[in-house]
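Me: I'd like to walk through this one with you, question by question. Ready when you are.

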Amino acid sequence: MAGRKKYLELISKSIAAAILIALGDYALLKLGSPIGPVIFAFGLLGVCYMGLNLFTGKCGFYVDDNIRTLDLLVILAVNLVAGYLIGVAFAATDPEIAAAATNKVAAWEISFPFFLKSVFCGMIMYIAVLLYRKGTPLGIIFGIPLFIFCGFQHCIANAITMGVATTFDWSIIICVVGNFLGSIIIWMFARNITS
């Protein structure tokens with residue numbers, strides 16, 4: 001019973017995280033640059049302040065927080081599926097963002113540069129959440145617009161965008177791997193000075 005309750009909470013907090021990131025992605029698709037990337041930061045601020053489960057916010061803390069592999073995979077799956085479905089709902093309400101999402105997905109490709117953009121996004125996400133844990137939201141406020149302006153790739157945001165475009169792109173797998181590796185790489189270099 002306790003295990004069931006734990007996973008219901010895990011799933012609930014993962015759905016809530018997807019909703020917040022989806023709201024940020026909606027603003028990005030609706031408003032574009034420069035204001036969209038700034039407002040997108042609302043999503044991660046909400047995730048951190050409410051203690052929700054966002055895959056890209058957990059990856060770099062996989063070891064330090066003793067996160068079980070199964071739990072991380074559940075968070076990822078729920079974030080991706082919930083995010084995609086929320087994106088589909090957005091598309092039904094706003095054809096304008098559906099067109100923007102379709103154009104965005106069409107630009108993605110399975111390539112090494114796309115993978116590197118995913119790695120760099122993972123690095124920024126780890127730093128943003130780490131700084132929040134150290135007592136400042138500045139990593140989120142500046143980090144989220146930074147990865148968007150640079151064209152770096154965030155797997156959960158990309159799943160939401162695919163939902164808005166009502167399509168699927170295999171680059172999401174590269175993005176997931178890149179985000180995870182980026183978070184772990186920066187954690188490995190920084191762990192001796194962040195503890």
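Predicted model: local features only at pLDDT ≥ 70, side-chain atom pairs only at ≥ 80, totals over all residues.

Me: Which residues have the most contacts inside the largest nonpolar core?

Reply: That core has 60 residues.

Me: Leaving aside neighbours within four places in sequence, what is Phe-55 in contact with?

Reply: Leaving out sequence neighbours within four places, they are Leu-72, Ile-75, Leu-76, Asn-79, Cys-155, Ile-156, Val-176 and Phe-180.

Me: Where is there a cis peptide bond, and what is omega?

Reply: Look at the loop between H1 and H2, where Pro-34 sits. The cis bond joins Ser-33 and Pro-34, with omega at about 5°.

Me: Is Asn-66 buried or exposed?

Reply: Asn-66 lies in the loop between H3 and H4. Its phi is near 50°, a positive value in a residue other than glycine. The cut-off for exposed is over 50% relative accessible area. Asn-66 has 64% relative accessibility, so the label is exposed.

Me: And Thr-166, buried or exposed?

Reply: You'll find Thr-166 in the loop between H8 and H9. Phi is positive for Thr-166 too, near 45°. With relative accessibility at 53%, Thr-166 counts as exposed.

Me: Are H6 and H7 roughly parallel or antiparallel to each other?

Reply: Two packed helices are described by the angle between their axes and the distance between the axes. For H6 and H7 the axes are 8 Å apart and the angle is about 170°. Angles over 145 degrees count as roughly antiparallel. Therefore H6 and H7 are roughly antiparallel.

Me: How many of the residues in the contact of H6 with H7 are charged?

Reply: H6 brings Cys-121, Ile-124, Met-125, Ala-128, Leu-131 and Tyr-132, while H7 brings Gly-139, Ile-140, Gly-143, Ile-144, Leu-146 and Phe-147. Of these, 10 are nonpolar and 2 polar. The count of charged residues there: none.

Conventions: Residues numbered from 1 in each chain as written. Heavy atoms only, no water. Core = buried A, V, L, I, M, F, W, Y, C linked by side-chain atoms within 4.5 Å. Buried < 20%, exposed > 50% of the residue type's maximum accessible area, 1.4 Å probe, protein only. Contact = heavy atoms within 4.5 Å. Helix = DSSP H or I, 4+ residues; strand = E, 2+ residues; numbered from the N terminus. Axes fitted to C-alpha atoms, helices over the stretch in contact; angles between N-to-C directions. Parallel < 35°, antiparallel > 145°, perpendicular 65-115°, else oblique. Nonpolar A, V, L, I, M, F, W, Y, C, P; charged D, E, K, R; others polar.
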